[in-house]
Amino acid sequence: MVCGRRVHEGETGRGEIAASGSQALLRRARTRRIRGFFGSVTETQVQIACLDLEGVLVPEIWIEFSKRAGIPDLARTTRDEPDYDKLMRGRLDILAAHGLGLPDIQAVIAGMEPLPGAVAFLDWLRARHPVVILSDTFYEFATPLMKKLGYPTLFCHRLEVAPDGKLTNYEIRLPDHKRRTVAALRLLNFRTIAAGDSYNDAGMLAEADAGILFRPPVNVMRDFPQFPVAPGYDELKALCAEAAARLAPLTAQ
Ligand SMILES: [Mg+2]
């Protein structure tokens with residue numbers, strides 16, 4: 001926000017847009033003249049893309065680990081369980097019961113690769129928009145995968161790890177952080193395009209100016225029919241491009 005800015009009387013807000021729906025108001029809201037600290041400037045809304053990580057760019061870490069460890073109960077993910085705390089508490093209990101810790105999971109992650117086509121898609125998207133990865137994974141898990149994705153910006157959580165490597169707790173960066181990050185970006189005058197595959201993405205997709213489901217399971221698709229579905233990266237590119245064109249700033253009149 002511009003320091004010391006003074007807004008012209010004619011400036012419009014989102015509420016007015018919703019109330020009137022007129023194209024003239026929409027134009028003035030997207031690109032508007034502001035008089036303030038920098039003098040008279042044009043303020044416009046830049047588009048930013050927010051992506052889920054697991055299931056969109058990389059495989060589900062817990063599914064991979066459950067296969068390697070031979071523990072089917074660890075294969076449950078946010079695609080199956082809407083209550084994230086219940087899911088994580090269950091995972092920590094299972095790991096403790098089997099005497100497994102962070103080094104065991106990191107060894108599996110070290111052998112994981114991004115999904116086929118993910119790096120090319122992410123490069124395509126980053127050439128067009130600033131991109132933020134919003135994930136409910138943990139920095140302790142995700143860092144090696146970020147290297148393989150070219151170090152995109154990642155917002156996620158942290159694990160509490162005992163000296164012997166056992167996972168004792170998890171620390172949320174911010175409750176409901178995907179949705180709240182998108183809401184904060186909108187307050188910072190970004191227009192947002194978001195893509196995810198699971199229940200924990202629904203708030204982010206609803207908050208975004210354009211929300212897209214990428215390869216969702218049938219239950220997620222059924223519960224959130226309002227979002228368009230991309231079964232592959234070509235379709236995701238097309239939906240992102242369509243959203244970008246629809247959200248593009250219009251010239252002030
Ligand atoms: Mg996911």
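Two residues are in contact if their C-beta atoms, placed from the backbone, lie within 7 Å. Under that criterion, and not counting residues up to four places away in sequence, Glu60 touches Glu54, Gly55 and Thr77. The model is a predicted one, in which local features need pLDDT of at least 70 and side-chain atom pairs count only at pLDDT 80 or more, whereas totals for chains, interfaces and linings use all residues. Residues are numbered from 1 along each chain as its sequence is written.

Burial is assigned from C-beta atoms placed from the backbone: a residue is buried if 20 or more other C-beta atoms lie within 10 Å of its own, exposed if 12 or fewer, and partly exposed in between. Helices (H or I, at least four residues) and strands (E, at least two) are DSSP runs, numbered from the N terminus.

Glu60 belongs to the loop between S4 and helix H3 (61-69). With 20 C-beta neighbours inside 10 Å, Glu60 counts as buried. Its C-alpha atom is separated by 9.8 Å from that of Met112, 52 residues apart along the chain. Gly99 is located in the loop between helix H4 (84-97) and helix H5 (102-110). Gly99 has 8 C-beta neighbours inside 10 Å and therefore counts as exposed. The C-alpha atoms of Gly99 and Lys166 are separated by 7.8 Å, with the two residues 67 apart along the chain.

**The chain and its sheet**

The chain has 11 helices and 10 strands. Of its 253 residues, 31% are buried. Among contacts between residues at least 6 apart in sequence, 57% join residues at least 24 apart.

Strand pairing requires that DSSP find at least two bridges between the two strands. Seven strands form an open sheet of mixed pairing, in the order S7-S6-S5-S4-S8-S9-S10. Strand S7 (167-171) and S10 stand at the edges with a single partner strand each, so one side of each is left without a neighbour in the sheet.

| Strand pair | Bridges | Sense |
|---|---|---|
| S4 (residues 46-51) and S8 | six bridges | parallel |
| S8 (residues 190-196) and S9 | four bridges | parallel |
| S9 and S10 (residues 229-230) | two bridges | parallel |

Cys50 stands opposite Ala194 in S8, and Leu51 stands opposite Ala195 in S8. On the S9 side, Ile193 stands opposite Ala210 and Gly196 opposite Leu213. Leu213 also has a bridge partner in S10, namely Val229.

Seven of the seven residues of S8 are buried, so S8 is largely enclosed by the rest of the structure. From S9, Ala210, Ile212 and Phe214 point one way and Gly211 and Leu213 the other way, and all are buried. S9 (residues 210-214) is likewise largely enclosed by the rest of the structure, because five of its five residues are buried.

**Crossovers and helices**

A crossover is right-handed if, with the strands pointing away from the viewer, the path from the first strand over the helix to the second runs clockwise. S8, helix H9 (residues 202-207) and S9 make a right-handed β-α-β unit. From S9 the chain crosses through helix H10 (residues 218-223) to S10, and this β-α-β crossover is also right-handed.

Axes are lines fitted to C-alpha atoms, for helices over the stretch in contact, and angles run from 0 to 180 degrees between N-to-C directions. Helix H8 (residues 177-187) lies across S4, strand S5 (131-138), strand S6 (153-161) and S8, and runs at about 160° to S8.

Helix H6 (residues 118-126) and helix H11 (residues 233-247) pack at an angle of about 10°, with their axes 10 Å apart. H6 and H11 are therefore roughly parallel to each other, a description applied to angles under 35 degrees, with those over 145 roughly antiparallel, 65 to 115 roughly perpendicular and the rest oblique. Phe121, Trp124 and Leu125 of H6 make the contact with Tyr233, Leu236, Lys237 and Cys240 of H11. These residues divide into six nonpolar, no polar and one charged, where Ala, Val, Leu, Ile, Met, Phe, Trp, Tyr, Cys and Pro count as nonpolar, Asp, Glu, Lys and Arg as charged, and the others, Gly among them, as polar.
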